[in-house]
Number of protein chains: 2
Amino acid sequence: MPEDTVHADTPAEARIAAARGSRNDHTRRRNLSSLLTAVHYGGPLTRAQLTRDTGLNRSTIGGLVAELSELGLVVEDAAAETGTVGRPSHIVRPRRDVVALALHADVDALELGAVGIDGAVLARRRANLDAPPTPDDAAAFSWEAAREVAAELGGVRAAGIGAAVPGLVGIDGATVVDAPHLGWRDVALGERLRGALGIPVVVGNDANMGLRAEWSFGAAKGVDTVVYLNGSASGIGGAALVGGRMLRGGRGYGGEFGHMMIRSDGDRCSCGRRGCLETEVNAALLDEAAHDAAALDRFAEVLAAAIANLECAFDPDAVLLAGYLGALFDVRRELVTDQVRAMAFRPDAEDVVIARAALGGNRLLIGAAERAFAPLLRDPAGTALAALA
Amino acid sequence: MPEDTVHADTPAEARIAAARGSRNDHTRRRNLSSLLTAVHYGGPLTRAQLTRDTGLNRSTIGGLVAELSELGLVVEDAAAETGTVGRPSHIVRPRRDVVALALHADVDALELGAVGIDGAVLARRRANLDAPPTPDDAAAFSWEAAREVAAELGGVRAAGIGAAVPGLVGIDGATVVDAPHLGWRDVALGERLRGALGIPVVVGNDANMGLRAEWSFGAAKGVDTVVYLNGSASGIGGAALVGGRMLRGGRGYGGEFGHMMIRSDGDRCSCGRRGCLETEVNAALLDEAAHDAAALDRFAEVLAAAIANLECAFDPDAVLLAGYLGALFDVRRELVTDQVRAMAFRPDAEDVVIARAALGGNRLLIGAAERAFAPLLRDPAGTALAALA
């Protein structure tokens, strides 16, 4: 502590130094966080770029980069060619052996990835399944797959593991309250994975994690008010960013747009209600309709009606479509966009971007890893990493 | 400035004193804000209660109360009877001559109120109208009514005026982008009212202001995730609190739940779409059905379906119903509650409170005044009041 290093016989200077020491320590940790966060979102950056992105001066950056290097989080190497006269610029890169693990438990597969600080999926394992996995399956697979990806990468240090689950996850980030497609109810998945892997765990709804990934590295970068709809084998997941914060709801169950009613006389949904969006447009129906233009038009109109409803509620800057809804949008882009704008009662409907999500098959792994990286990014010097080999 | 008051020949002490002075000034202003905010939400309070509510010690409170008194914001008087031995407790009350004005422009009336720091409506004027008011009507009425309520109250000092409008209000808090029931489009209402009254103006969507009032003083006190639906002559307004923050959306148009589709083969809405909530349940239909039990059941079921949809999206802790939707809920409380719970696919649906809003006819005036009071509550010493007589 700084208090131990000052001279007690000059109390005024001592108090200044103590205050400065404590403030400096706080400032230093915040600056380390800014720097690692800049590298996280920006990838390899020169010191000049880091100066630009963090607002810190170059000499401060030098000390912070040295400290992040000592912590084993970044490496710095000379750039091959800068094209300018003068000293070669140094490039700060995240260390490739620092990862977050990410698990995606879906109805027909388990997948685990090791994701680097820059959001790159470095290695992955996938098990295709005939039946939905049990929580024990998920824990056993995670243990095995974590060992395999760690070995493939020559050993890693993990900040933790994020798990994406298609269902309601408690606000504690640990309990799967109800994942009907998996048949999981009140499953303490956080505890089980922590028991299996011995590293910090955060569990989240798959759509929330998908949107988080798109916000960090994909189609929602730079957009703070976003509605997200993803169609998958386990139905339609939804999520929303409201003023830059994930919509969670009182218990963590917000954003279940797949169960909003879209046809009042529609078919019975697995949730017991009628005409839910995920009952009216789903993978099976779209497969059947693959070569039926009229049917595809109809599904596109349903999707447009759903988007128009969500626009009323959220006034988003962007609507992102993923999975089979992204595929449907790809083949009926104009119809969906025109219908949404025709249905909008607001004067500037054309300002709302409707787009396909960008990250494809890596999305959920990246999003789950984002959650697991969060404590390290907040406090790089104070967050322990666990060696896996 | 503190820098001027310290001795330049003792630089270390000088720096401490300067730092402390600047910090003290910041702290003092923040404490003044805490104290006035406690009186705002808590009404007349003893010093002991202020100590409890703000976490400040009694001697600090004494100085702050004296400063708020000098600023003309509170008065302190001896309590009549405390029932305990010892010095009589002093009660700190908001001064009754400090107000925010509040305007509600509706399709069939203009109303202006003077609202006290404690949220009490102290005086009001209302003009019932045969046709929707123009922006000029609203400005002229505001000027006249402000003079009248100021005279009635023996002169007031106003923090500003909040204006509640049934329609889309820009995120600038000044422009009515589209209020279809009033026929207003791109109206710079903030500028007009400021021109008429010469005090700060904030314009907002009526439902947002209604929910804000309920959150401050009504049925949503202590609840941070809330969905609000209000039925009035100008349709159904909606609003939501998401984690303690008002849902605004990218442009300020969030929460338009009255235009979410609730019946896919429903009637054409004034917005051009079909089966919007406000087309399926509205004042005219409810008037016709007043003595038709089966029709009321049907409307209650539509309301329940809308609430179930909003629960999927927002996972609220509470759903508040106001205006004619509150009246419908009063006569079909059990039916609505049972239907919502039957439709919920979440395991703890009974945790969601469905309730009638509490503040009745004062709601919009109180909510609009809340917005106008906000700068004063943030910085009581730095916010000017305008004398009106």
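Me: What makes the surface through which the copies, chain B and chain A, meet the same or different?

Reply: This is a predicted model, in which local features need pLDDT of at least 70, side-chain atom pairs count only at pLDDT 80 or more, and totals for chains, interfaces and linings use all residues. Residues are numbered from 1 along each chain as its sequence is written, chains are lettered from A in the order in which they are written, and side-chain values use heavy atoms, without hydrogens and water. Contact means heavy atoms within 4.5 Å. Of the interface residues of chain B, 100% are also interface residues in chain A, so the copies meet through the same surface. Each side is counted separately: 48 residues from chain B and 48 residues from chain A take part.

Me: What is the area buried between chain B and chain A?

Reply: Buried area is the accessible area (1.4 Å probe) that two parts lose on being put together, summed over both. For chain B and chain A the value is about 3900 Å², with 55% of that given by carbon and sulfur atoms. On the chain B side, Arg251(B), Arg273(B) and Phe345(B) lose the most area to chain A, together 18% of what that side buries.

Me: Why is the pair Asp315(B) and Arg251(A) called a salt bridge?

Reply: The term requires a side-chain nitrogen of Lys or Arg within 4 Å of a carboxyl oxygen of Asp or Glu. The N to O distance between the side chains of Asp315(B) and Arg251(A) is 3.0 Å, so the pair qualifies. The count between chain B and chain A is four salt bridges.

Me: How many salt bridges are there between domain 2 and domain 3 of chain A?

Reply: The bounds come from an automatic or database domain assignment, which gives domain 2 as 98-209 + 363-388 and domain 3 as 221-358 in chain A. Between these two domains the salt bridge count is zero. They do touch: 17 residues of domain 2 of chain A are in contact with 21 residues of domain 3 of chain A. The area buried between them is about 1400 Å², and carbon and sulfur atoms give 50% of it.
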